[in-house]
Amino acid sequence: MKSGLFLFFLSFCFNVNAQNIDSTALNNLRDAVLELENSELMRSGSLSVSVKKVKDASNVFALNTERSLPSASTLKLVSTATALAVFGGDFKFQTFLEHDGVIRNDTLIGNLYIHGTGDPSLGSERFKGYPAANELINRWAAAVKKTGIHYIRGKIIPDASFFDSETIASTWIWGDMGNYYGAGVSGLNFNENLYKIKFKPGADFGDPTTFLGIEPAIPYLTFVNKVTTGEKGSGDKTIVYSSPLGNAVVLTGTVPVGPPVFTVKGSIPNPAEYVAFALKNSLVNAAIGIGESNVPQPGVPAASANPKTVLDKYESPPLLDLCQQTNFWSVNLYADALFKQAGKRLAGQSAFDDAAKAITAYWSGKGADLRGFYIKDGSGLSPSGSVTTNSLTDILIVANKDASFNDFYKSIAVLGMNGTVRNLGKGSKAAGNMHVKSGSIEGTRAYAGYVTSKSGSLLSFSIIAHKYMPGSNRMISDSLVKIMTLMAEL
């Protein structure tokens with residue numbers, strides 16, 4: 001057995017006596033955990049498991065709970081719990097269409113502003129009853145036209161100054177940040193900061209592909225296509241290389257042979273700039289002239305001595321709905337936007353490092369043991385961020401005491417029923433009973449959440465498997481799901 005197991009058995013024996021947990025169920029859980037830890041799959045890796053009673057924070061099961069390991073997307077539980085606790089489930093982001101001039105006859109003498117406050121869902125298609133990207137652009141154009149303006153003697157200015165200019169964490173890897181799941185966070189986000197890239201695969205494996213363009217059109221982006229044709233059914237194996245500091249994009253990897261058109265998603269390097277570009281085009285199409293046609297770089301606009309007049313105020317879906325999408329479908333953009341929003345509220349700073357310190361201090365101040373809690377972002381995309389399973393289960397316990405807990409609990413997908421875990425644990429006692437967030441980055445699989453024991457006790461849990469045998473993703477996932485289903489038997 002690996003070193004440290006003696007201490008584990010001491011902890012195990014203590015928990016049996018102290019918690020009156022069914023000994024057969026706990027033995028089954030212990031055997032499954034030790035079988036995985038001592039398997040060839042984990043020979044060079046680390047397995048950490050923490051299970052606690054929410055009511056009194058007592059340990060039910062513990063293995064290597066002090067090891068600081070990558071959290072992957074289980075960190076989204078911390079970001080959403082923090083946002084809900086700080087702002088409440090009814091909170092809504094606001095976005096404003098404003099001008100700073102005067103209207104004389106049919107001319108606006110001044111600038112038009114799109115002023116964001118960090119809404120990650122602006123223009124998204126996820127929410128019924130809320131305008132998608134094109135509808136929102138048309139709404140803004142109509143708001144301008146309603147005032148009688150037919151000419152703007154000024155600029156269309158995207159105001160993303162609500163957040164700092166650091167749209168991505170410095171610890172993200174280049175191979176992630178150009179892809180849709182690596183979209184950076186701006187004070188003015190739009191359409192989840194993504195665009196679609198269309199390819200025509202070649203006739204045979206290894207053939208070059210034809211780049212068919214992107215949707216929506218963003219003419220200031222430039223593309224170099226190095227994507228080739230992969231095997232039939234191989235799916236999206238592209239990597240989009242781009243930087244938030246420039247507009248050059250390099251496309252690599254493969255798309256499968258067979259479909260006449262294959263579409264992948266990339267992240268817009270500067271979403272605020274795109275919003276202004278799209279609105280300018282819509283205004284021109286509506287026969288509204290613009291004096292200064294170049295779109296300024298977003299950020300902190302030049303100070304205007306004139307007060308701003310609001311032409312349109314848009315409100316996002318309530319925060320509880322944003323958090324549900326974040327946790328159900330593991331949306332990195334939403335998690336990092338909530339992370340920055342919480343950092344700004346708690347400490348007045350939205351930069352990734354500042355938000356991390358503020359959020360750590362927030363939960364530590366409420367009694368969570370955050371030794372080994374070294375986060376770098378709100379999504380878990382950073383491979384250098386790390387947590388302990390002990391710290392995650394502690395935060396989940398503290399979150400249970402907050403007035404927002406009901407909204408938080410509902411935001412977490414249910415094993416075997418919905419979200420990213422809808423196909424896991426079907427037919428087990430955990431299905432329909434376990435609220436769980438999954439997480440996956442290279443070399444790491446993780447799960448965390450809540451389960452109700454057979455005795456009716458609410459348990460918090462966290463499992464992280466790190467640096468397991470390469471190529472064993474499916475086997476590791478199956479083993480971790482087995483461990484989770486055994487938790488429901490406790």
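A residue counts as buried under 20% relative accessible area, as exposed over 50%, and as partly exposed in between, with a 1.4 Å probe and protein chains only. The model is predicted, and local features need pLDDT of at least 70, side-chain atom pairs count only at pLDDT 80 or more, and totals for chains, interfaces and linings use all residues. Residues are numbered from 1 along each chain as its sequence is written, and side-chain values use heavy atoms, with hydrogens and water left out.

On that scale, Ala-287 is exposed, with a relative accessible area of 57%. Its phi is near 65°, a positive value in a residue other than glycine. Ala-287 sits in the loop between helix 6 (271-285) and strand 16 (289-290); helices (H or I, at least four residues) and strands (E, at least two) are DSSP runs, numbered from the N terminus. Asn-191, not a glycine either, has a positive phi of about 50°, and its place is the loop between helix 5 (174-177) and strand 9 (194-200). Asn-191 is buried, though, at a relative accessible area of 18%.

Now for the inside. A nonpolar core here is a set of buried Ala, Val, Leu, Ile, Met, Phe, Trp, Tyr and Cys residues joined through side-chain atoms within 4.5 Å. The largest one holds 55 residues, and Val-78, Trp-363, Phe-373, Phe-408 and Tyr-450 touch the most other members. Among the elements that each supply at least two residues of this core are helix 3 (76-87), helix 7 (319-329), helix 9 (352-365) and strand 19 (444-452). Helix 3 gives the most, with 8 residues. Trp-363, leaving aside its neighbours within four places in sequence, is in contact with Val-78, Ala-81, Thr-82, Ala-368, Leu-370, Ile-395, Val-398 and Ala-399, where contact means heavy atoms within 4.5 Å. A second, separate core of 43 residues includes Leu-122, Ile-137, Val-249 and Leu-279.

Helix 3 and helix 7 also pack together, at an angle of about 175° and with their axes 10 Å apart. That makes helix 3 roughly antiparallel to helix 7, a label for angles over 145 degrees, while under 35 is roughly parallel, 65 to 115 roughly perpendicular and the rest oblique. Axes are lines fitted to C-alpha atoms, for helices over the stretch in contact, and angles run from 0 to 180 degrees between N-to-C directions. On the helix 3 side, Lys-76, Leu-77, Thr-80, Ala-83, Leu-84 and Phe-87 meet Leu-319, Leu-320, Cys-323, Thr-326 and Asn-327 of helix 7. The buried residues of helix 7, including Leu-322 and Phe-328, pack against helix 3, helix 8, helix 11 and strand 18 (434-441). Just after helix 7, Ser-330 takes a positive phi of about 55°.

Thr-117 lies in the loop between strand 6 (112-115) and helix 4 (133-146), and at 13% relative accessibility it counts as buried. Its side chain reaches the backbone oxygen of Gln-94 at 2.5 Å, a polar contact (a pair of N or O atoms within 3.5 Å; within protein, one must be able to donate a hydrogen and the other to accept it, and residues adjacent in sequence count only if both atoms are side-chain atoms). Beyond four places in sequence, the contacts of Thr-117 include Phe-93, Phe-162, Gly-187 and Gln-341.

Pro-216 is in the loop between strand 10 (210-215) and strand 11 (222-225).
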